[in-house]
Amino acid sequence: MTAPDVPPAPLPDPAAERARRWRLVLGAPAAPDPAPPLSARDAALDRTLAALYERPDPASPGADRTGGLGASAPSVTRWLGDVRTHFPSSVVQVMQRDAIDRLGLAALLLEPELLAEVTPDVHLVGVLLSLRQALPERTRETARTVVRTVVAELERRLASRTRTAVRGALDRGARVRRPRHRDIDWNRTIAANLVHYLPEHRTLVPERLVGRGRADRAVGKDVFLCVDQSGSMAASVVYAAVFGAVLASIRTLTTRLVVFDTAVVDLTEALDDPVDVLFGTRLGGGTDIARALAHCQQRITRPAETVLVLISDLYEGGVRGELTKRVAALRASGVRCLVLLALCDEGAPAYDHRQAAELAALGVPAFACTPDAFPEVMAAALEGRPVVPPTAGEGAGTR
């Protein structure tokens with residue numbers, strides 16, 4: 001018995017589909033008169049988008065701040081649920097970020113019930129850290145759980161590649177050509193001499209021994225992460241805390257984490273838990289980069305074996321010119337310096353172009369870096385190879 005032919009579903013009219021999409025993008029004010037009816041799903045999408053975007057942006061000139069998504073946390077919670085229902089997770093995070101920025105929802109994040117409904121991401125962690133002093137007791141544990149969730153995801157994504165890249169760089173720098181017997185790396189020696197295998201004797205004659213230097217027994221390099229904790233650097237602070245914890249777990253490195261605004265705080269002792277590091281920061285305030293570099297300079301004991309990574313947009317609030325002098329002094333002592341204008345997934349950051357150019361003239365690379373590119377950048381710096389910006393851009397220098 002042959003199944004009856006089922007006619008194919010009719011293709012949507014291209015003009016109607018295009019009009020539908022523009023209607024959802026531009027909102028009710030762009031609808032023709034009379035407006036075509038929306039389907040139930042499209043109407044729900046339209047309501048969710050209108051609650052956020054059909055109102056003036058408070059940051060725009062002349063815009064009057066209006067109410068948010070409602071007078072109570074339950075209405076915001078419903079809206080957050082609608083966003084997760086209708087949009088993929090990447091879009092959810094963008095809309096949450098827009099809601100916090102456009103509608104002034106930071107205060108509502110002080111409610112634990114609402115905070116539990118928000119999809120955690122790096123931007124949300126930055127907002128929570130900036131609100132840290134204002135968090136009521138009932139919200140602090142929820143906030144800490146949100147931060148720990150984001151940190152755990154970042155560690156899962158970044159830790160393995162970072163350890164592999166850094167250990168490889170340290171290992172290559174520590175190999176010696178004529179090792180003592182106890183320092184021979186037998187696995188690499190065998191791999192390097194497989195062409196000399198004698199099958200008739202079932203043996204291998206090594207012509208070149210591969211060994212390790214002191215890397216197996218002692219600390220090979222010192223790393224200083226000097227991180228600007230001004231408000232614009234929130235995402236960079238989050239990533240720096242995670243990378244600091246990962247680097248601190250590598251026994252052939254000595255890692256120090258210093259955060260600063262107009263004051264300097266050394267968070268090295270908290271590096272075993274990046275969540276503690278983040279709650280030890282204080283986002284916002286001014287910036288005194290030269291003072292932070294002076295703090296690091298006083299604690300550097302092996303300049304030739306030290307890599308200093310300054311993570312800052314270079315907007316200096318201290319004495320103009322002092323930053324360049326500090327970096328020049330560090331370079332002259334043998335410290336390898338690297339400036340990351342941002343350590344985040346966003347696009348090109350705002351930064352002080354003049355200051356970046358001055359540092360580039362000293363031979364100090366200055367560029368923005370994504371978290372995925374950081375392991376290779378760090379490996380190159382530790383190994384002494386030229387540090388090439390992941391993407392070419394203004395203010396980038398190479399060494």
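On a 1 Å grid over the protein atoms alone, a cavity is a set of points where a 1.4 Å probe fits but cannot get out, while a pocket is an open set with protein on both sides within 12 Å along at least five of seven lines; lining residues have an atom within 4 Å of a point. A volume is the space filled by probe spheres set on the points, and grid points are joined across faces, edges and corners. The structure is a predicted model, in which local features need pLDDT of at least 70 and side-chain atom pairs count only at pLDDT 80 or more, whereas totals for chains, interfaces and linings use all residues. Residues are numbered from 1 along each chain as its sequence is written, and side-chain values use heavy atoms, with hydrogens and water left out.

The search of the whole structure gave 3 cavities of 30 Å³ or more. The second largest cavity has a volume of about 40 Å³. Its lining consists of L293, L308, L310, V327, C337, L338, V339 and V364.

The largest pocket holds about 710 Å³ of space. It is lined by 34 residues, of which R97, V122, H123, A235 and E346 are the closest to its centre. The elements giving two or more residues to the lining of the largest pocket are α4 (89–103), α6 (122–130), α7, α9 (234–248) and β9. The lining of the largest pocket divides into 17 nonpolar, 10 polar and 7 charged residues.

Over the protein chain, the secondary structure comes to 14 helices and 10 strands, where helices (H or I, at least four residues) and strands (E, at least two) are DSSP runs numbered from the N terminus. Of the 399 residues, 44% count as buried; buried means under 20% relative accessible area, exposed over 50%, and partly exposed in between (1.4 Å probe, protein chains only). The chain exposes about 20,500 Å², of which carbon and sulfur atoms supply 55%; accessible areas come from the Shrake-Rupley method with a 1.4 Å probe, and for residues only the protein chains shown count as cover. Of the contacts (heavy atoms within 4.5 Å) between residues at least 6 apart in sequence, 74% join residues at least 24 apart.

A nonpolar core is a set of buried Ala, Val, Leu, Ile, Met, Phe, Trp, Tyr and Cys residues joined through side-chain atoms within 4.5 Å. The largest such core has 69 residues, and L109, L278, L340 and M378 touch the most other members. Helix α7 (residues 137–174) gives the most to this core, with 11 residues. A second, separate core of 24 residues includes L323, L330, V339 and L341. Apart from residues up to four places away in sequence, L109 touches I100, L114, L115, V118, L124, V127, L131 and T139.

L340 is found in strand β9 and is buried, with a relative accessible area of 0%. Beyond residues up to four places away in sequence, L340 touches V309, L310, I311, S312, F367, C369 and F374. The C-alpha atoms of L340 and S312 are 6.3 Å apart, although the two residues are 28 residues apart in sequence. Helix α14 (residues 374–383) is mostly covered, with 8 of its 10 residues buried. These are F374, P375, V377, M378, A379, A380, A381 and L382. G384, whose phi is positive, near 90 degrees, follows α14.

T48 has its place in helix α2 (residues 40–53) and is buried, with a relative accessible area of 2%. Its contacts, leaving aside neighbours within four places in sequence, are W79, D82, V83, H86, F87 and M95.

R202 lies in the loop between β2 (197–198) and β3 (203–204) and is exposed, with a relative accessible area of 73%. L314 lies in the loop between β8 and α12 (322–333), and is buried, with a relative accessible area of 0%.

Terms used
Ala, Val, Leu, Ile, Met, Phe, Trp, Tyr, Cys and Pro count as nonpolar, Asp, Glu, Lys and Arg as charged, and the others, Gly among them, as polar.
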